Amino acid sequence: MAKLNRIRVVLAERDLNNKWLSDKLGKDPATVSKWVTNTTQPSLEALIAIANALEVPVQELVRQEEFKQEK
């Protein structure tokens, strides 16, 4: 499975963790863990909420190079 998001990287850059993000979003920690490990991908609405919580543009959370390599 392609690693489509950079949530883990952005959390690490800001010295934050999954628990902080799950608390901030009001989501189950297991769900956030799946997003962070790229086991599943967040919905567009969730991705926007994550970007807002981390105060980054949505584009910073998406691995665009994964799409370029698959073409």
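A contact is a pair of heavy atoms within 4.5 Å. In this predicted model, residues 24 or more positions apart account for 65% of the contacts with a separation of 6 or more. Local features need pLDDT of at least 70, side-chain atom pairs count only at pLDDT 80 or more, and totals for chains, interfaces and linings use all residues of the predicted model. Residues are numbered from 1 along each chain as its sequence is written, and side-chain values use heavy atoms, without hydrogens and water.

The chain holds five helices and zero strands. Helices (H or I, at least four residues) and strands (E, at least two) are DSSP runs, numbered from the N terminus. Of the 71 residues, 31% count as buried. Buried means under 20% relative accessible area, exposed over 50%, and partly exposed in between (1.4 Å probe, protein chains only).

Helix H4 spans residues 44-54, and its buried residues are Ala46, Leu47, Ile50, Ala51, Ala53 and Leu54. They lie on the same side of H4, because they cover an arc of only 160° around the axis. The arc is taken from the directions from the helix axis to the C-beta atoms. These buried residues pack against helices H1 (7-13), H2 (18-25) and H3 (29-36). The face turned away from the buried side carries exposed Leu44, Glu45 and Asn52.

Just after H4, Glu55 takes a positive phi of about 55°. Val58 sits in the loop between H4 and helix H5 (64-70). Val58 is partly exposed, at 25% relative accessible area. Leaving aside residues up to four places away in sequence, Val58 touches Leu47, Ile48 and Ala51.
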